[in-house]
Amino acid sequence: MTNDRETHMADDRRAELEALLARQRAAFTASRPEPLSQRKDRIKRAIALVKDHGEEFAKAMSADFGSRSMHQSMLTDIAATVGAGTHALKHMDAWAKTEKRKVQFPLGLLGAKAELRYEPKGVIGILSPWNFPVQLAFGPLMQVLAAGNRAMIKPSEFTERTSELMAELTVEYFAPEEVAVVTGSPEVAAAFSSLPFDHLVFTGSTATGRRVMQAAAANLVPVTLELGGKSPVVMGRSADFAKAGERIAIGKMMNAGQICLAPDYLMVPEDKADEAVAGVTGAAAAMYPRLLDNDDYASIVSDRHFERLQGLVADARDKGAEVIEVNPAGEDFGNANQRKMPLTVLRNVDDSMTVMQEEIFGPVLPVMTYQSVDQAVDYINEHDRPLGLYYFGEDKGEQERVLTRTISGGVTTNDVVFHVSMEDLPFGGVGPSGMGSYHAIEGFREFSHARAVYHQPKIDIAKLGGLKPPYGKATEQAAARMLK
């Protein structure tokens, strides 16, 4: 009986989603063509929603995590999202301009014209994750709206309070046929990903990304997948290990490492390993002298995620890794019941350990060594292409060697993560770390249809080009010209 009721509820929910999609698509079609001023108005409302309720969102995120810095949330989720909207407002007039394209000689002389128009696709679905719940829902929304689309958003159930607040506020700022937020269980997310959207954006794990792409494929829905993977840090011998260690520690410990672009593992020169590890651990201890009662340091989002991270460390220890827990105040994390986990550095790791097989997504940092930088490059190339790649060092030749011989979604040199915060650079992965990108003009184009338009002149081009039967000399001449 319970199963029948659950099935009935699932069917009802799916019908609601389908009705909402139909409503948005009908409104989109009826309003064509919409002026850019209408798109800008929607972006301004999205900015106002986030900006006016920034502190409410930050409090909700902290409650969802158990502990999360209000300052960090205001920076990474609120200010970053507003920045994305402001950037789109500033540049969308240029992005949306029709491009003139060339036509083959002598068509241009005869009056033929070609152009490329960037037109909205229709209704875009956004499946957003829990780690930066506001930024990764409303950030892509800014560009979805800039491109002239409607949007349906399904935020994560792991950050339930934030998702509910998002849903409540969206109704105040948008009509349902413009932007709608859908909350609910993983089953709702699965139903959402199987809807016949005009485009679907997913941010999350590679494993879930595969399922989302499979569901979208049934309706031939194009997808943008922002996934993750194991983003390596290559430290050259010319690196300033103290400065590099601090920057790595900042990137690894922000949000307690729950960042798709967090440095996943270090590759350091064999003879500099002690110095490299000391740079990271010393900086971590200085920035976070205490953790349990430190509001600057986030909790792991759920018991399940916390237990998984503990399992990674235990597995590595059992297989021979040296475990270095950065706990300057000697706090008892085992009995704290706060899901706070200190930065845990693992030395002597190898590929038999689960921590080197999966994206970590937490404050665990394996360290590998190399004798020549080519060994590091070869190791990276033997594994899935990462979302981010980081190089530290002053040797420009070595830096270029690492960049030109590897492939990754993006790169930051002499720091980590920063390339994602550059609004004028596209953000995206390669293969298992994702496909497609957003931010900058590339994001606008991702959510637009590049529509080719050719204007034929009055003259009989088919006859002139030898395309009109009966074929003969004109056809032979046209083919000969094209073969030159």
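Biologist: What classes of residue make up the lining of the second largest pocket?
Modeller: This is a predicted model. In it, that lining has 20 nonpolar, nine polar and three charged residues.

Biologist: And what's the volume of that second largest pocket?
Modeller: About 720 Å³. Of its 32 lining residues, T76, Q135, V417, V420 and S421 are the closest to its centre.

Biologist: Which helix gives the most to that lining?
Modeller: α4, with eight residues. Helices α5 (135–146) and α9 (241–253) each supply at least two.

Biologist: Now the largest pocket. What volume does it have?
Modeller: About 970 Å³. It has 33 lining residues, and W130, F202, G204, S205 and T208 are the closest to its centre.

Biologist: Which element gives the most there?
Modeller: α8 does, with five residues. By class, the lining has 16 nonpolar, ten polar and seven charged residues.

Biologist: Stay on α8. T206 is in that helix. Is T206 buried or exposed?
Modeller: Buried, because its relative accessible area is 17%, and the cut-off is under 20%.

Biologist: What does its side chain reach?
Modeller: The T206 side chain reaches the backbone oxygen of P432, at 2.8 Å. Beyond its neighbours within four places in sequence, T206 is in contact with L227, G228 and P432.

Biologist: Switching topic. How many cavities of 30 Å³ or more are there?
Modeller: One. Residues lining the cavity include K252, D264, E359 and F361.

Key: Residues numbered from 1 in each chain as written. Predicted model: local features only at pLDDT ≥ 70, side-chain atom pairs only at ≥ 80, totals over all residues. Heavy atoms only, no water. 1 Å grid on protein atoms, 1.4 Å probe; cavity = no way out; pocket = protein on both sides within 12 Å on 5 of 7 lines; lining within 4 Å. Points joined across faces, edges and corners; volume = space filled by probe spheres on them. Helix = DSSP H or I, 4+ residues; strand = E, 2+ residues; numbered from the N terminus. Buried < 20%, exposed > 50% of the residue type's maximum accessible area, 1.4 Å probe, protein only. Polar contact = N/O pair within 3.5 Å; in protein donor to acceptor, adjacent residues only side chain to side chain. Contact = heavy atoms within 4.5 Å. Nonpolar A, V, L, I, M, F, W, Y, C, P; charged D, E, K, R; others polar.
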